[in-house]
Amino acid sequence: MPVTPEQQAEIDALREAPRETLRTVSEGMERHLYVPHQVLDHGFVRVVDYMGDDAAICQAARVSYGRGTKSVQNDEGLIRYLMRHWHSTPFEMCEVKFHVKLPVFVARQWIRHRTANVNEYSARYSILDREFYIPAPEHLAAQSGVNNQGRGEVLQGEEAQRVLNLLREDAMRSYDHYEAMLAQDDNQQGLARELARMNLPANIYTQWYWKVDLHNLLHFLRLRADAHAQYEIRAYADAMCRIAADWVPAAFAAFRDYRMDAVSLSAQAVAALKRRLAGEVVTQENSGMAAREWREFQEVWG
Ligand SMILES: Cc1cc2nc3c(=O)[nH]c(=O)nc-3n(C[C@H](O)[C@H](O)[C@H](O)COP(=O)(O)OP(=O)(O)OC[C@H]3O[C@@H](n4cnc5c(N)ncnc54)[C@H](O)[C@@H]3O)c2cc1C
């Protein structure tokens with residue numbers, strides 16, 4: 001279970017006590033506020049605070065005194081223009097603060113995104129819970145034969161069972177040892193928490209608060225909600241995409257159209273497409289593209 005009944009009660013109490021505010025409110029985001037969205041087996045992502053909405057992006061772009069909204073259509077057009085032309089600073093005017101519970105190996109990938117503010121649960125100060133990520137059978141895949149950084153077919157039968165058993169046994173054994181080292185009794189003082197944690201595997205869960213502006217959130221989502229990202233971090237990014245789509249619908253739609261579902265073309269790719277349109281047969285050899293780039297080009301353009 002990603003949150004305990006006590007934690008759920010705290011979340012419910014917060015949601016039952018709304019307050020009046022003069023600040024900008026995104027109706028879509030209000031529905032998400034505080035609510036944990038389950039990710040993986042024990043993880044979650046939830047919004048604990050946010051600032052701004054679609055109109056705030058336009059307000060900043062126009063440096064307005066009031067709400068800045070001319071009309072919804074007008075705002076959408078402006079947001080699409082800003083996104084299309086990489087005029088990014090108005091998107092930095094919106095902020096969001098997430099509470100995320102995630103396996104340590106996912107956190108290692110996530111923390112590479114340096115443009116956020118992070119505060120992590122301290123395993124020097126507190127004892128970690130006995131919670132480990134164990135992949136669902138459909139995500140237990142073999143090493144990819146074509147991509148060194150990827151997965152191939154899903155493991156089956158005896159092999160899948162053996163791997164699952166090893167993952168579970170190793171997790172439980174190392175947690176038992178963690179507890180044994182921490183224990184204080186007549187025979188031992190108990191090892192410091194900051195040291196005892198070092199034998200815990202990378203699939204144990206950690207938690208953090210992660211605050212980021214919308215521009216950098218979209219950059220994170222562009223990289224991590226992408227098919228090239230590892231499934232486990234993508235599961236979090238996908239949940240955050242759904243939240244962002246409700247928070248800033250116009251900005252997120254523009255992001256989808258001009259970033260996520262868009263393709264950027266190299267000079268060689270533009271030339272190859274022009275030559276194709278003129279009826280020429282273009283091959284990798286005469287395209288000026290390396291084999292890998294050519295393969296990626298063909299995946300999009302056939
Ligand atoms: C599919 C995938 C595979 C990856 N594989 C590997 C791997 O094998 N090994 C590995 O080490 N990493 C890997 N990474 C991590 C990747 O190289 C980046 O570190 C990570 O995606 C963070 O991106 P970022 O620096 O753009 O983000 P952020 O840190 O959020 O930065 C956003 C932008 O701000 C600017 N910026 C921020 N800090 C600085 C700075 N100090 N100096 C200059 N500009 C800055 C840059 O323009 C940057 O793009 C992988 C990432 C992905 C998505």
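User: At what angle do the axes of H3 and H4 cross?
Analyst: In this predicted model, the axes of helix H3 (residues 54-62) and helix H4 (residues 72-84) cross at roughly 70° and come within 10 Å. That makes H3 roughly perpendicular to H4, because angles of 65 to 115 degrees count as roughly perpendicular.

User: Which residues in H3 and H4 meet?
Analyst: From H3, Asp 54, Ala 55, Ile 57, Cys 58 and Ala 61 take part, and they meet Asp 75, Leu 78, Ile 79 and Leu 82 in H4.

User: Switching to the ligand. Which residues surround it?
Analyst: The residues around the ligand are Arg 112, His 113, Arg 114, Thr 115, Asn 216, His 219, Leu 223, His 228 and Ala 229.

User: Now the whole chain. How many helices and strands?
Analyst: The protein chain has 13 helices and seven strands. Its C-alpha atoms fill a box of roughly 80 × 60 × 30 Å along the principal axes.

User: What percentage of the residues count as buried?
Analyst: Of the 302 residues in the protein chain, 25% count as buried.

User: What about contacts, how many join residues at least 24 apart?
Analyst: Taking contacts in the protein chain between residues at least 6 apart in sequence, 66% join residues at least 24 apart.

Terms used
Residues numbered from 1 in each chain as written. Predicted model: local features only at pLDDT ≥ 70, side-chain atom pairs only at ≥ 80, totals over all residues. Axes fitted to C-alpha atoms, helices over the stretch in contact; angles between N-to-C directions. Helix = DSSP H or I, 4+ residues; strand = E, 2+ residues; numbered from the N terminus. Parallel < 35°, antiparallel > 145°, perpendicular 65-115°, else oblique. Contact = placed C-beta atoms within 7 Å. Near = placed C-beta within 6 Å. Buried ≥ 20, exposed ≤ 12 C-beta atoms within 10 Å, placed from the backbone.
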